[in-house]
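Please read them with the structure open beside you.

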Amino acid sequence: QVQLVESGGGLVQAGGSLGLSCAASRNIFSRNPMAWYRQAPGKQRELVASITSGGRTNYADSVKGRFTISRDNTKSTVYLQMNSLKPEDTAVYYCNTVGPVVAWGQGTQVTVSS
């Protein structure tokens, strides 16, 4: 069974921080690179950050230096630490595999007020 459950979103002022978590079913987490995506109102979903099973990371230019992706392979969980948040980071955040994605979870709302 494929399952992705995101949590940790909320409302924060610009310049603040939030930490997101995504619990994935083991059958999609093990050995797969994982990523965080986001979708703002009226915009297409975009990839924010990715991490390989070995810990190699990659970031969108818009979040580089502010966001940190990590994973705990023993817990089948991927994390996104977001610092120095900006109003333009406001979106629903999702996790999924990289490349061929599986069924999306419900996402978690992040709202950054100015």
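This is a predicted model: local features need pLDDT of at least 70, side-chain atom pairs count only at pLDDT 80 or more; totals for chains, interfaces and linings use all residues.

1. Two strands are taken to pair if DSSP finds at least two bridges between them, where strands (E, at least two residues) and helices (H or I, at least four) are DSSP runs numbered from the N terminus.

2. Residues are numbered from 1 along each chain as its sequence is written, and side-chain values use heavy atoms, with hydrogens and water left out.

3. The protein contains one helix and ten strands, and along the sequence these follow the pattern β-β-β-α-β-β-β-β-β-β-β.

4. The strands E1, E3, E8 and E7, in that order, form an open sheet with antiparallel pairing. Strand E1 (4-7) and strand E7 (67-72) stand at its edges and have a single partner strand each, so one side of each is left without a neighbour in the sheet. An open sheet of six strands has the order E2-E10-E9-E4-E5-E6, and its pairing is mixed. Strand E2 (10-13) and strand E6 (57-59) are the edge strands, each with a single partner strand, so one side of each has no neighbour in the sheet.

5. A search of the whole structure finds one disulfide, the term standing for a pair of cysteine sulfur atoms within 2.5 Å. Cys 22 and Cys 95 form this bond, with their sulfur atoms 1.7 Å apart. The pair links distant parts of the chain, since Cys 22 lies in strand E3 (residues 18-24) and Cys 95 in strand E9 (residues 91-97), 73 residues apart. Both cysteines, Cys 22 and Cys 95, are buried, a class that means under 20% relative accessible area, with exposed set at over 50% and partly exposed in between (1.4 Å probe, protein chains only).

6. Is Asp 89 buried or exposed? Asp 89, which is found in the loop between strand E8 (77-82) and E9, is buried, with a relative accessible area of 1%. The side chain of Asp 89 makes a polar contact with the side chain of Arg 38 at 2.9 Å; a polar contact is a pair of N or O atoms within 3.5 Å, where within protein one must be able to donate a hydrogen and the other to accept it, and residues adjacent in sequence count only if both atoms are side-chain atoms. Leaving aside residues up to four places away in sequence, Asp 89 touches Arg 38, Arg 66, Phe 67, Ser 84, Val 110 and Val 112, contact here meaning heavy atoms within 4.5 Å.

7. As to the overall form, the C-alpha trace spans about 40 × 25 × 20 Å along its principal axes. For 114 residues a compact globule would have a radius of gyration near 13 Å, and the 13 Å of the protein agrees with this; the radius is taken over C-alpha atoms, and the globule rule is 2.2 Å times the number of residues to the power 0.38. Of the 114 residues, 41% count as buried, and among contacts with a separation of 6 or more, 54% are between residues 24 or more positions apart.
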